[in-house]
Protein chains: 2
Amino acid sequence: MSEETHQLRCTECGARIAGTAVNSIFRCPDCNGLYDVIYPWSPLPTSADVASGSNLPNPSALRWLWQERRTSTLPIDQSGVWRFRDLFPIVKNENVVTLREGNTPLYEMPRCAKIAGIDWLLAKHQGMNPTGSFKDTGMTAALSVAAQRGFEWVACASTGNTSAAMAAYAARGGLRSIVFIPEGKIAWGKLSQSMDYGALTIQLKTDFDGCVRVLTDLVTRFPIFLLNSVNPYRLEGQKTPAFEMLEQLEWQVPEHVIVPGGNLANGAALGKGFSEMHHLGLIPRVPRISIIQAEGANPLYRSLQENGGKQLIPVKANTRATAIRIGNPASWRKALRTLNATGGWCEQVTEQEIALAKAEIGAEGVGCEPASAVTFAGLKKLVAQGKITREERVVLVLTGHTLKDSQYTIDYHRNELLTQEEVAGATPLQQAQHTLLRKPPVVLEADSDIVLRTLETHMKISSSVLPA
Amino acid sequence: MSEETHQLRCTECGARIAGTAVNSIFRCPDCNGLYDVIYPWSPLPTSADVASGSNLPNPSALRWLWQERRTSTLPIDQSGVWRFRDLFPIVKNENVVTLREGNTPLYEMPRCAKIAGIDWLLAKHQGMNPTGSFKDTGMTAALSVAAQRGFEWVACASTGNTSAAMAAYAARGGLRSIVFIPEGKIAWGKLSQSMDYGALTIQLKTDFDGCVRVLTDLVTRFPIFLLNSVNPYRLEGQKTPAFEMLEQLEWQVPEHVIVPGGNLANGAALGKGFSEMHHLGLIPRVPRISIIQAEGANPLYRSLQENGGKQLIPVKANTRATAIRIGNPASWRKALRTLNATGGWCEQVTEQEIALAKAEIGAEGVGCEPASAVTFAGLKKLVAQGKITREERVVLVLTGHTLKDSQYTIDYHRNELLTQEEVAGATPLQQAQHTLLRKPPVVLEADSDIVLRTLETHMKISSSVLPA
């Protein structure tokens, strides 16, 4: 009987191969398609010779097991990703590389709910992961595979959350990591984390596509594990917030889950998680998963509008929500599959809508990076369009911590973020809300009475404009 | 029988008062001393008329209860602070304001252990709290008290982690928050979080002491809840990482716990936590708690050297570890009490030692803000002095997330952080380690062979210098 626990299945032609037989660029040699990781119990299962997993516990036993592990002191159980390892048995326990990712809070957002016009809104905050973004849930999975397969080097082309997560998990696992970026496109703030975790940053004298070409050539010729979003193991970790969310909701399925759409792997991963839970009888139905893009980086939205999603229309991406500034997303077909399977929608939002949504989330004491805020901006649109109704339960997936982009917050509150054109595009109510939410520091004499008068004025303004 | 669950006890004259009877500046009206929160079961208990807590469960029952709560989906149980509420019954459950703080990872640090020359080193990472610093554990406690007592405004004088935490919890609880800073001393990066969470920042035309004077006057005259470090309820939350750490260690007490020393409330709070656990029979002994200060902000170290801690010698603070850049710490007596009660030491470390320690922690994939790194720099000194021996178990308390000060990391890796003098003060080994750890981006032709040769060189250098 085989030792294999999983296979890879091409999302285009359906060909199945052993996980260890995959090429170094994680693409089907026949049709160039991306892979899904599949198991004997998957909706699209492995071929019959894969043995493990046939003794998967039943739904109640799984739920009980996952709950019990929360009381364990073992690192692998304290991880909010690996606690669910029964549903992604991709490595042996001893090879797991973990920073205790997952276990992220599910916040009630009563004031945001009121603003959007619904009764019940929650935010699953993936920015509370160790490096400050949802990428950790995927990197713990992919780095563990790299470690088990004996790689000493890992690499990706990215300057943002992906490189930070890769560098941290590589360091934790004792592997070396390389970040490729185009020369001249260096954003120091974005690189600070990967440098801190000891990654080597290489600026290539070429553009982003050129970086991907060199990286592809390198991983083909040398034993370097590729950690770009095409790596299917990352999605196995990224599907686990779906499990955790349901556990936190005591297995009551919400009607809607809303995610930001950048490289589109995240929505696809959550979709896979929900679909597997449904297939296994853990939940009676799946939530609608909707994907929100920034208007300036809207290839999926545009493709759906213009050709019903038959072909991707790449765009030249331009948005201040840098984490989703992606014009040619690799995982668009996987994301489309999720939209179709769950009945979700793809929407786009403007820069001023993103800024307003971020400030409204912040004012609930939660905070997030700009890309996360598209979820709330999109929710408002879906409610206005009647696609989401008042009594339906909605979970926003916030993908990054507010500390990931302090400059955006500073610029917003100093009124230096939005252009006059962007502000002019806002409704009068939106403009009033911006004015209310913006909190530029005020300068006062060192006198308590003067301070008090300012506070009283401030309080009056607030109470007259804030929703009751 | 009284409804009261706790009292406040002056740390100077020992006078006991009801919690609700405290004045608005949290100082003893007789002797100006700070307060401790005490309970009927405290080492220094409340007066006899305080009723609650007399039915405190025994140690085994407490341990069982705390473990069981980890499987609960209630917010108050999912909080890693309020899960231990039996030992700080300061508010009713329904008044708790929580962002699911606590539950922070306890990381094994094998490479740092080797560098320091000990067998077993752990890091309790309080920077993994919701706003990125240990202040959250205290703010959830103090804001809950503010909410229960009906305050609508809270305030502090701070530009850093304290204001971020205050703003977040105030927003969560529906209270308004004010941050006071001296005019002209604005550090936008530090303010970004409190603006995001909706705090009002007031720059006063005075210095820091002037800010504290105005704030003191304001809270005396108006119903504004003071959240500076003198607020004793903050320490009740900040003591809980001691409980959580012991739970994660399955109640095996480490020999040493090392904390950074800034305003000195953190070491004091952990000391209170350990001492209460010991008094209640949860642990058979307390660990030594040592406090490490930056050489440029070393009032406690200096006072201990020069007068044995009889009087505080304030200093003009100057260190790049901004979170501990405090020259006149309010809680120095409480910290001294902890050092004396546990047999810990106070040490100081230089700027280049801090920078090196931070890079070494980062290279384990963990990362922290500069102030946190003094713990590891201090550990090396205590080991070198023979105060900590190889087989003793050490826990470093990391207080802030690496994202709290990206600029420090960037400057370090660009070799723009340390002055020539500071580098000259390093030993040759330290200098070599800096060279090895610094990871400035390299620029290369877009050619795989050139990239590969660079990687090979890099790998060779690394393996020849890194500890085996």
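User: Let me start with one residue of this model: does A:Glu364 count as buried or exposed?

Analyst: This is a predicted model, and everything I say describes that prediction. A:Glu364 counts as buried, because its relative accessibility is 1% and the word is used for values under 20%.

User: With which side chain does A:Glu364 meet in a salt bridge?

Analyst: The general idea is that side chains of opposite charge can pair when their charged atoms come close. Here the side chains of A:Glu364 and A:Arg111 form such a bridge, with 3.7 Å from N to O. A:Glu364 belongs to the loop between α13 (351–362) and α14 (370–384) of chain A, while A:Arg111 sits in helix α3 (residues 110–116) of that chain, so the pair ties together parts that are 253 residues apart in sequence. The two partners fall into separate classes of accessibility, since A:Glu364 is buried, whereas A:Arg111, at 35%, counts as partly exposed.

User: How many salt bridges does the structure hold over all chains, and what is another example within one chain?

Analyst: Another example joins the side chains of B:Arg320 and B:Glu351, at 3.3 Å from N to O. B:Arg320 lies in the loop between α11 and α12 of chain B and B:Glu351 in helix α13 of chain B, so this pair links parts that are 31 residues apart in sequence. B:Arg320 is partly exposed at 24% relative accessibility, and B:Glu351 is buried at 13%. Salt bridges can also share partners, and in this way A:Arg70, A:Arg83, A:Lys124, A:Glu244 and A:Glu247 are joined into one network.

User: How many salt bridges are found across the interface of chain B and chain A, and which residues form them?

Analyst: The rule finds 8 of them across the interface, and I will take two as examples. One of them pairs A:Lys358 with B:Asp196, whose closest N and O atoms are 3.3 Å apart. This pair crosses between chains, from helix α13 of chain A to helix α6 (residues 188–196) of chain B, and both A:Lys358 and B:Asp196 are buried. Another joins A:Asp196 to B:Lys358, again with 3.3 Å between the closest N and O atoms.

User: Which charged residue is buried yet has no salt bridge?

Analyst: B:Glu369 is such a case, for the nearest side chain of opposite charge, B:Lys190, is 4.6 Å away, and a salt bridge needs the atoms to be within 4 Å. B:Glu369 is found in the loop between α13 (351–362) and α14 (370–384) of chain B. Beyond its neighbours within four places in sequence, B:Glu369 touches residues including B:Asn161, B:Ala323, B:Thr399 and B:His401.

User: Which residues have a positive phi although they are not glycine?

Analyst: As background, most residues other than glycine have a negative phi. A:Trp251 has a positive phi of about 65 degrees, and it lies in the loop between α9 (240–248) and β10 (256–260) of chain A. A:Trp251 counts as buried, because its relative accessibility is 16%. B:Glu250 has a positive phi of about 50 degrees and is found in the loop between α9 (240–248) and β10 (256–260) of chain B. A glycine with a positive phi, about 75 degrees, is B:Gly343, which comes just after α12 of chain B.

User: What do the buried residues of α12 of chain B pack against?

Analyst: Buried residues in this helix (residues 332–342) include B:Trp332, B:Leu336 and B:Leu339. The buried residues of α12 pack against several elements of chain B, among them β3 (35–38), α10 (265–279) and β12 (346–349).

Definitions and conventions. Residues numbered from 1 in each chain as written. Chains lettered and ligands numbered in written order. Predicted model: local features only at pLDDT ≥ 70, side-chain atom pairs only at ≥ 80, totals over all residues. Heavy atoms only, no water. Helix = DSSP H or I, 4+ residues; strand = E, 2+ residues; numbered from the N terminus. Buried < 20%, exposed > 50% of the residue type's maximum accessible area, 1.4 Å probe, protein only. Lys, Arg positive; Asp, Glu negative; His and termini not counted. Contact = heavy atoms within 4.5 Å.
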